[in-house]
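Please open the model in your viewer and keep the selection tool at hand.

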There are 4 protein chains.
Amino acid sequence: MTNTQLTHVQIDNYGPWTVTPEPRREVDLQTLQSRLFADLSQLFGNRDGYVFFSRFDNMIAVSNGIDMDAHAMIQESVRNRYPVTMSLGVATGRSPATALGTATELLQEAGSAQDEHRREVLEGRTIEADFRTDEDVQIAHFDVNDATENLTDRLNEFDTFIHIEQGYAELMRYMREAHDSLSFFVGGDNVIAVCPALDRADYRDAVEHVHESVDVDLKVGVGRGETASEAGMAAKHALEECRSNNGDRVEIAF
Amino acid sequence: MTNTQLTHVQIDNYGPWTVTPEPRREVDLQTLQSRLFADLSQLFGNRDGYVFFSRFDNMIAVSNGIDMDAHAMIQESVRNRYPVTMSLGVATGRSPATALGTATELLQEAGSAQDEHRREVLEGRTIEADFRTDEDVQIAHFDVNDATENLTDRLNEFDTFIHIEQGYAELMRYMREAHDSLSFFVGGDNVIAVCPALDRADYRDAVEHVHESVDVDLKVGVGRGETASEAGMAAKHALEECRSNNGDRVEIAF
Amino acid sequence: MTNTQLTHVQIDNYGPWTVTPEPRREVDLQTLQSRLFADLSQLFGNRDGYVFFSRFDNMIAVSNGIDMDAHAMIQESVRNRYPVTMSLGVATGRSPATALGTATELLQEAGSAQDEHRREVLEGRTIEADFRTDEDVQIAHFDVNDATENLTDRLNEFDTFIHIEQGYAELMRYMREAHDSLSFFVGGDNVIAVCPALDRADYRDAVEHVHESVDVDLKVGVGRGETASEAGMAAKHALEECRSNNGDRVEIAF
Amino acid sequence: MTNTQLTHVQIDNYGPWTVTPEPRREVDLQTLQSRLFADLSQLFGNRDGYVFFSRFDNMIAVSNGIDMDAHAMIQESVRNRYPVTMSLGVATGRSPATALGTATELLQEAGSAQDEHRREVLEGRTIEADFRTDEDVQIAHFDVNDATENLTDRLNEFDTFIHIEQGYAELMRYMREAHDSLSFFVGGDNVIAVCPALDRADYRDAVEHVHESVDVDLKVGVGRGETASEAGMAAKHALEECRSNNGDRVEIAF
C-alpha cells in the first residue's frame, strides 16, 4: 500500500501581481517562474522529494520524508529571495489524488489564491517517522516510443509537440479518473506519474487507452520507495529495461 | 501581413545524455532544463524576442530583430555555462507554422537530434533590417475566464490543472490546424499564440471552438509589433481591456 | 573546544578550461562562477553548512553535520548541471586553519589543480555523529562601524571599497596568523570568520589591531553551535546587540 | 584618450532589509547577492558591458554603449524578479575614477543608501553615439605568475588566498592612487582593471610596486575598444601572449 505525502505549493496572489500596476514583461515572468521552480526542485530534491511545475503559479510536490520544519525553511528561503511569497498545504493518503485534495483544501480554507491578505499559509501534517515504509511512494515514468525517429527528426517541432501534448493530455486525464494518479509532463517525451498501488494490468490499461484514444504509443517503467527520489530512480531504471528489451511496454521494478 | 522569424532551439543529443552512463537524478534534470529556459528567456528577451519552453529539450523562439551574430553569441553563452550544447535553426515566413517548418528542416538536414556528432548547428536566415515592419509579429494572449473563482479556489489543484490542460491541448491543436498559429502554455491559465495576420472573426472562432469542444471559456487580447516584446505587451494590455469591460471575449489592440 | 569540519572545494582544471580553445567571454565566466557559488550556498546551506566563495575556483565550506554521502551528492549535482566538475577534500580539527590544511593536502596528493586527468576527487573524513557537540563551530561576524554614514554616503564607491578592502585584507591576515581563524568577506561591510575557541580578549585584540594598522573600526558578534548555520545565526544576533547598545565592540552570545 | 562610462549600481536600503524583522539566513543572502550579480553580468554583458561585484550591495559597471533606456530596462527586470530594488547612477569621463565619482554623487544627492524612501534612482548621462570611439575603454587583465605551481598546489587554500588577497589589496589601492584606475578581483588569481589611457611604463610601474610592497608577481595584458567586452577580450588575448612568450610582464594589444 502506498502512503503519498503531497504538498500543494501556491504563489500568493500571483495573478494580480503580474499586472500591477501595469502588465509586467513576459520574459521576466517566465524567468521568475522557471527559476522559482528550479529552486524548489533543488530545495525539495535535496530532501529526496520531487516537485512538478504543473501551472508554475501552483506546483505539486511529492514530499515524503520532508517534515513541517523543512517546509517552513523552504517557504522562508523563497521569501528571502523572490518578490513573491508562497503558501504550502501538506497532506497524506493512500491515493495521491485524495491526498492532494486535502492539501488544496487547507489552502482554500485559509483564503482565495488571490486574497491579498492571505500570505504564507503553512498547514497540514506529514507522515510520522515510525509509520514510513519503503512502499509509500509509487512512481511511473512514461515515454513515447521512438519519439526521435518518428517525430523529432521528421515533423516540424510544433507538430511533434502537438503529438506529445495530445498524448499527455489524454494520459493525465485518464490516469486521474481511472487510477487516482497524478501525471506530469517533465520535458522531451517524458511523463512522470505519482500513483497509488497500481499493478501491471493497470499500467497496461493506461498505455492501451492512450494508444486507442489519440494514437500515441507509450511505454512505462514503475518503481517504488520510501521517497520520491528512490521510487523515481527505480522507475527510470525500469524504463531503461523497457528500452533495451524492446518487448513489453510495462516494466515494474519490484 | 505578418513576417514572423522563428528559431528552433534544440539541445544536442540530450536524450542519450540524460541516461549516460546511468539515468541522472530527475531533480537535476528539471533544474537544468528550467534554468536553461530561464537563461534563454533573458538572452532572447533582452533582444526583444520571446522563447517558449514547449518540450524543454526543444524550444521555440520568436526572434524578429535578432540577427545571426546574436544567435551565435547566445549559442556560445550556453556552451560556456552548461554541460550541454544547442543547435539553432532560423527561418521566416508569412505563417509562423511554415516558418517553423523551415527552421526545423535546417536542423533535420544537419543530422538527427540524437546524433552525437551533430553539435551546435547554426543555420538559417533572418529578416533584413530594411524589410522589417511594425506588423511583422502578431501575438494573442489567451486566458481562462474566472479561473481563480471557478477552478483554483474550488477544485483540487490537479483537477484545476486538468481543466486548464484540456483547454490548452484543444486550443493549441485547433489554432495550428485552422489558423497556422503556434500556441504555448505560459503558466497559470495563460496561453500565448504566435499568429499570422488573423482578424477578430478568427479569434472568435477559436474561442468558440474550445468552448464547444472541451467546455473551457477563454478570452483573448491581440497585439502586433516589430518584435515579439512589442506585440506581446500590446496583447497583454488588450487582455486587460477584456478583463475590465467584461463584455467581448476578443480585444484587438490595432 | 571547537571541532570544525572544513571542505575544500576546487573546480577541476578550471584555469586551462577558461582559455581553451580561446579565452572565454568574461561575462560568462563571471556568471558561471557566481551561480556555482550560489548553488553551493544552497546545497551546503540546506544541510546547515556555510560556503565562502574566496577565490571562486576554490571555495571553502564549513560542513559540520554533512557526511561523505551528502558530499558525493553535491558533487554529482554540479556535474549534472555545469560544464565543469569539482573535487572535494574534507577534514576536521580543533583549529580551522589546521583542518583546512589537511583538506587541501588531500586534493594536492591526488594531483595538481591543473591536472586534466584528476577529476572529482572525494577524499576525507567527517565527524561521527556521536562525537558532535554544540560547541563544535565558532563563528564571528564582523562589520565596519557606521560604514553607510562615513563611507557609502560620502566617498565615491571605489574609495569606499578600498577602505573596506584594506580592512578586510588586514583582518584576514591577522586572524589567520594570530588566531588560526579563516575570515571571509561576504558583501557590504561584513566579514565572517570561522574560529577556534577564542575568547573576548582575542576578538578585542583583532579589532584593535585592525584599527591601529589600517584605521578601520570594526565590531563583532560571536556565536557557536553544532553547525555553521547555528553558530552563524547566533553571531548575527550578537552583532545586532552590538549595534543597539553601541557600547562594547565585542559581543559574545554564549 | 579614453572616455569611460561607468554605472554605480546600489541595492536600495539593503543593509536594513537583511536584518528586518530578524537577521535573514546568511546562505539566502549569499545566494541572492551572487545571483543578482550573475544576472547583472548577463544584462550588462549582453549589451557588451562588464559588471564587477565589488561589495555586492554596491556594484560597478563599465557601460559604454548602454543608453539610459537600457539602464531603465535592467532596473525594471531586477524589480520584477527580486525582493529588492536598485538605483543606478551613470557618468562618463577621461578618468574612470572621476567618472565613478560623478556617478556616486548622483545617488548620494538623491538620498542615503539606507533611506527607505529613496528607491530606483535612475540618473546620469551616457556618451552620445557620435562621440564614441574605439579607444574609449582601456582594460588591463592581471594575473599572478605561476599561481598554481607556487601557491594552489603547495599551500593550504587559505594561505594561497591570503597571498592573492594581499596582492589584490595593494594593486587596487595603488592603481587608484597612482593611475586613476579601478581594479577588481574576478576570481582565481585574476584582477581586471578599468584604466585611463595608460602606457607600458605605467603598467610596469604597477607590477613593480606590487612586487616590492607585498612580494606578489603579476603580469598584465592590456586591450582597448569601444566597449568593455571588446577591450576586455583584447586584454585576455594579450595576457595569453605574456603567458606564452614568458618574457615581458606587460603586453599591450594596440
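Begin by selecting R35(A) and D39(B), whose side chains are joined by a polar contact of 3.5 Å. Please bear in mind throughout that this is a predicted model.

**Stop 1**

Is R35(A) buried or exposed? With a relative accessible area of 16%, R35(A) counts as buried, because the cut-off for that term is under 20%.

Next, show what R35(A) touches, leaving aside its neighbours within four places in sequence. In its own chain the contact is Y82(A), and in chain B the contacts are A38(B) and D39(B). R35(C) is a further contact, and chain D contributes D39(D), R81(D) and Y82(D). Among these, select D39(D): its side chain meets that of R35(A) in a salt bridge, with 2.8 Å from N to O.

**Stop 2: chain A against chain B**

Now colour chain A and chain B separately. How many residues does each chain give to the contact? Chain A gives 75 residues, and chain B likewise gives 75 residues. The size of an interface is often given as the accessible area lost when the parts come together. Here the area buried between the two chains is about 6,100 Å², and carbon and sulfur atoms give 59% of it. On the side of chain B, select R55(B), E157(B) and F158(B), which lose the most area to chain A; together they account for 13% of what that side buries.

There are 8 salt bridges between chain B and chain A. To see one of them, select D159(A) and R176(B), whose side chains meet at 2.7 Å, N to O.

**Stop 3: the relation of chain B to chain A**

Two copies of a chain are related by a rotation about an axis and a shift along it. Chain B can be laid on chain A by a turn of 180° and a shift of 0.0 Å along the axis, with an RMSD of 0.0 Å. The two copies are therefore related as by a two-fold rotation axis. To find the axis, select S34(B): of the residues of chain B, its C-alpha comes closest, at 2.6 Å. Because 100% of the interface residues of chain B are also interface residues in chain A, the copies meet through the same surface.

**Stop 4: chain A against chain D**

Finally, display chain A with chain D. This contact takes 16 residues from each of the two chains, and about 1,400 Å² is buried between them, 43% of it on carbon and sulfur atoms. The interface has 4 salt bridges and 8 residue pairs in polar contact, both at pLDDT 80 or more. On the side of chain A, α2 and α3 (68-81) give two or more residues, and the largest share, 6 residues, comes from α3(A). The residues of this side divide into 5 nonpolar, 3 polar and 8 charged.

How values were computed
Residues numbered from 1 in each chain as written. Chains lettered and ligands numbered in written order. Predicted model: local features only at pLDDT ≥ 70, side-chain atom pairs only at ≥ 80, totals over all residues. Heavy atoms only, no water. Contact = heavy atoms within 4.5 Å. Buried area = accessible area lost by both parts, 1.4 Å probe. Least-squares fit on C-alpha atoms with pLDDT ≥ 70 in both. Buried < 20%, exposed > 50% of the residue type's maximum accessible area, 1.4 Å probe, protein only. Polar contact = N/O pair within 3.5 Å; in protein donor to acceptor, adjacent residues only side chain to side chain. Helix = DSSP H or I, 4+ residues; strand = E, 2+ residues; numbered from the N terminus. Nonpolar A, V, L, I, M, F, W, Y, C, P; charged D, E, K, R; others polar.
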